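The stops below are meant to be selected one after another.

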Amino acid sequence: MDYIQKGTKAFHKANWALFLAGFITFANLYVSQPLLPTFAKEFHVSPAVASLTLSVTTFALSISMIIVSSLSEAWGRKSLMTISIFAASIITLALAFSPNFETILVLRVIQGVVFAGLPAIAMAYLGEEMDPSSLGIAMGLYISGNSVGGLSGRVIIGTLTDLYNWQVGMIVLGVISLMISVIFIWMLPNSRHFTARPLQIKSLATSLLQHLKDLSMLCLFGIGFVLMGSFVTLYNYIGFKLMAPPYNLSATIVGWIFVIYLVGTFSSAWFGSLTDQYGRQKMLLLSIAIMFVGAILTLNGLLTLKILGITIFTFGFFAAHSIASGWVSKRATHDKAQASSLYLFFYYFGSSVGGTVGGVFWMHYGWVGVIAMIAVFLVVACLLSFLLKVIIAKQQRIAAGH
């Protein structure tokens, strides 16, 4: 019953499988983001309304994860993750045949529900199966798959929208996702440290409340909320900024800007390993500071500096998310999938709130308003990080006293 250790065959198979699963999930989750200007124009809706194609999905995802992660305690990890990625792929194909904007929103809500079968469960799988000394790098590699998927989905849909239309882009992405789903089933090792138990709603609700009563966990949940709210807001409205004068960039070029996500692939894995060496709190604060510098730099009118700012911001975000999500798995003493799902509930709820509210700031105050909102969110993240340090120190003193 050995745990999976870095450098072994099982480690490589598990991480490649979850890397690909993260790829599928986030390629399809964020597929509508580069299409927001296209949807606003084609369906005659405002930028804030167009952003609902992402916000309703992340909101449905945030709610569903709490339920699905609880189901996984009874039904198992791999089976639910498999159902999730197959169903998400099929719905992406269905989106290509949507007759109107309302149908797109309905399908995106359903897709948000089925997406729930991967993120929290994948994090719990890693927390259960990985050797503690290998968890930081394993979590970082999984987050890397998320960033590559988010990048690839946006590039594919942006390019194919310019060459053909957004419907063709959805079909291509859906087919690719189905093919990768088959590879996932073959590669992921079965759980060895998971023990199924009967689904007991009362005990699960009690466990949920225990997580919410832990102030250190609440701080981590809050950090996830503001980090993701900041990140989605920036990427939701940068397309509107760059496709308007004086830049007048095409959908293809805006889609390729998401290649910047590759720095997130690097930073999540790198900072994930650095936390094992230098400590989580220091590296988290450094990551947030990097995000802040990047956000401020995007205020510069020069396109190259604006892109550099987005790059720095993205680097810091994926590093911070990797640290915070891994911290949740480490601090959870029971029901790790449920703890992870709570973190991701706040994380994606932040996406829904930030992504939509950011549209109001964009419409009334332009890009300066968007960055001002992001700056406030990042200040809150810093304050929560300091509070987290104080709470953990107090909990350790109490434990030592006993």
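**Before you start**

This is a predicted model, in which local features need pLDDT of at least 70 and side-chain atom pairs count only at pLDDT 80 or more, while totals for chains, interfaces and linings use all residues. Residues are numbered from 1 along each chain as its sequence is written, and side-chain values use heavy atoms, with hydrogens and water left out.

**Stop 1: stacked rings**

Rings of Phe, Tyr and Trp (for Trp, the six-membered ring) are paired if their centres lie within 6.5 Å; planes under 30 degrees apart are stacked, over 60 edge-to-face, and the rest tilted. The count under this rule is 29 aromatic pairs. Helices here are DSSP runs (H or I, at least four residues), numbered from the N terminus. Buried means under 20% relative accessible area, exposed over 50%, and partly exposed in between, using a 1.4 Å probe and protein chains only.

Next, select Tyr343 and Tyr347, a stacked pair at 5.8 Å centre to centre with 25 degrees between the planes. They are about one helical turn apart because they sit four residues apart in helix H16 (residues 336-401). Tyr343 and Tyr347 are both buried. Now widen the selection: ring pairs link Tyr343 and Tyr347 into a cluster with Phe231, Tyr235, Phe258, Phe313, Phe317, Phe318 and Tyr348.

**Stop 2: charges over rings**

A charge sits over a ring if NZ of Lys or CZ of Arg is within 6 Å of the ring centre and within 35 degrees of the ring normal. Then select Lys13 and Trp186: Lys13 lies over the face of Trp186, 5.6 Å from the ring centre.

**Stop 3: a nonpolar surface patch**

Select Phe292, Ile296, Leu299, Val368, Val379 and Leu383, which make a nonpolar surface patch of about 520 Å². Patch residues have over 30% relative accessible area and no salt bridge, and nonpolar side chains (Val, Leu, Ile, Met, Phe, Trp, Tyr) are joined within 5 Å. Areas come from the Shrake-Rupley method with a 1.4 Å probe. Which helix gives the largest share of the patch? H16 does, with three residues; helix H14 (280-297) and H16 each supply at least two. Val379 lies in H16 and is partly exposed, at 44% relative accessibility.

**Stop 4: Asn15**

Go to Asn15 in helix H1 (residues 9-29). Asn15 is buried, at 7% relative accessible area, and its side chain reaches the backbone oxygen of Phe11 at 2.9 Å.

**Stop 5: a salt bridge**

A salt bridge is a side-chain nitrogen of Lys or Arg within 4 Å of a carboxyl oxygen of Asp or Glu. The count by this rule is one. Select Glu128 and Arg77, whose side chains meet in a salt bridge at 2.3 Å, N to O. Glu128 is in helix H7 (residues 119-129) and Arg77 in helix H5 (residues 77-95), so the pair ties together parts 51 residues apart in sequence. Glu128 is buried at 13% relative accessible area, and Arg77 is buried at 2%.

Conventions
Patch = residues over 30% accessible without salt bridge, like charges linked within 9 Å, V, L, I, M, F, W, Y side chains within 5 Å. Polar contact = N/O pair within 3.5 Å; in protein donor to acceptor, adjacent residues only side chain to side chain.
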